[in-house]
Amino acid sequence: MTAAAGAPPLIEVRDLKKHFPIVKGVFARPAGTVYAVDGVSFHIDPGETLGLVGESGCGKSTVGRTLLKLLEPTAGRIIVRGEDITGYDARRMLPYRRQMQMIYQDPYASLNPRMSAGEIVGEPMAIHRIAAPEERRERVAALFERVGLRPELMSHYPHEFSGGQRQRIGIARALALNPELVVGDEPVSALDVSIQAQIINLLMDLQDEFKLSYLFVAHDLAVVEHLSHRVAVMYLGRIVELTDKTSLFEMPLHPYTEALLSAVPIPKASARSRKRVILKGDVPSPINPPPGCHFHTRCLYATARCRAEAPALREVVPGHLAACHLHDGGVRFPLDKPAAA
């Protein structure tokens with residue numbers, strides 16, 4: 001359940017940017033810039049799940065890591081419950097580390113192979129000096145049971161667990177400090193489909209029990225539709241559409257979202273028939289993104305304005321934001337035929 005209307009957001013990002021410099025040669029001369037995240041704005045309410053979707057390489061994971069300040073932002077603001085933490089150093093960030101945790105994509109690479117599962121889950125509490133060792137052990141055992149693992153497995157090492165079990169350890173570790181926000185960086189994409197369903201249901205149960213907020217990074221739209229309250233669609237470092245999941249899946253307002261949804265397999269008998277959209281070309285490089293709208297090189301409806309002017313993310317209909325010039329004047333982009341260039 002999301003927060004009540006009028007309640008302040010748990011976290012908000014404004015015009016967030018993360019650029020990575022490219023250097024070459026012995027003297028590390030500047031050779032370019034990777035525009036991984038290029039002006040992203042959104043908020044997450046208490047108890048809400050915001051899904052962040054898009055093709056691989058669009059900057060989704062970088063948004064999650066920058067939001068938690070695992071990567072320092074190039075520009076923009078990160079605001080937690082009204083407090084601007086953008087410029088905070090490691091010492092000032094320490095209290096906020098307890099409030100914001102992460103579940104990683106690879107459940108093996110994210111676990112220290114030299115530590116037992118119990119030590120991995122208990123490490124955050126030791127770092128933040130929470131409780132005595134015996135109390136921490138009891139807390140770890142309780143977390144193991146809550147995520148579906150037997151406490152006797154606390155002495156085992158990561159290589160002794162299956163992929164699904166390792167991801168449950170990662171979830172338990174994220175919960176160890178009673179956070180308010182959890183960033184899931186494609187936490188089910190490396191798992192078998194049957195295990196994915198178990199982990200997704202576990203995440204939803206934990207959200208209800210602990211009143212968690214999620215930023216759920218994924219490229220699987222079916223998973224996002226099941227788990228999220230609102231969905232943000234990213235393309236080449238920018239958010240191009242943002243709304244509640246029902247509106248997004250029933251009435252996409254950006255050509256890129258339309259193309260993504262058209263690629264989702266649906267049963268033949270489904271009443272939700274849709275036209276297949278085939279995008280031309282490849283995703284441009286984030287080192288040299290196109291001018292204007294980043295999507296114009298592949299868009300069926302692109303006009304001369306799209307090639308010259310970047311559209312702002314704005315409210316097209318109540319609660320539904322899109323970054324597309326074709327909505328100027330409140331008209332939805334034509335779904336049946338391309339616009340004239």
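Two strands are taken to pair if DSSP finds at least two bridges between them, strands being DSSP runs (E, at least two residues) and helices likewise (H or I, at least four), numbered from the N terminus. This is a predicted model, in which local features need pLDDT of at least 70 and side-chain atom pairs count only at pLDDT 80 or more, whereas totals for chains, interfaces and linings use all residues. Residues are numbered from 1 along each chain as its sequence is written, and side-chain values use heavy atoms, with hydrogens and water left out.

**Strand S9 and its partners**

- Strand S3 (residues 49-53) pairs with S9 in the parallel sense over 4 bridges, and within that pairing Val 53 has Val 233 of S9 as its bridge partner.
- S9 and strand S10 (residues 238-244) run antiparallel and are joined by 6 bridges, with Val 231 having Thr 243 of S10 as its bridge partner.
- S9 and S10 form a hairpin with 2 residues between them, and Leu 236 in the turn has a positive phi of about 50°.

**Arg 298**

- Arg 298 lies in the loop between helix H9 (255-262) and helix H10 (304-308), and is buried, with a relative accessible area of 6%.
- The side chain of Arg 298 makes a polar contact with that of Glu 55 at 3.3 Å (a pair of N or O atoms within 3.5 Å; within protein, one must be able to donate a hydrogen and the other to accept it, and residues adjacent in sequence count only if both atoms are side-chain atoms).
- Leaving aside neighbours within four places in sequence, Arg 298 is in contact (heavy atoms within 4.5 Å) with residues including Tyr 235, Leu 279 and Asp 282.

**Lining of the largest pocket**

- A pocket is an open set of points on a 1 Å grid over the protein atoms alone, where a 1.4 Å probe fits, with protein on both sides within 12 Å along at least five of seven lines; lining residues have an atom within 4 Å of a point.
- The largest pocket is lined by 15 residues, of which Met 100, Gln 101, Met 102, Tyr 104 and Pro 124 lie nearest its centre.
- H3 gives the largest share of this lining, 4 residues.

Terms used:
Buried < 20%, exposed > 50% of the residue type's maximum accessible area, 1.4 Å probe, protein only.
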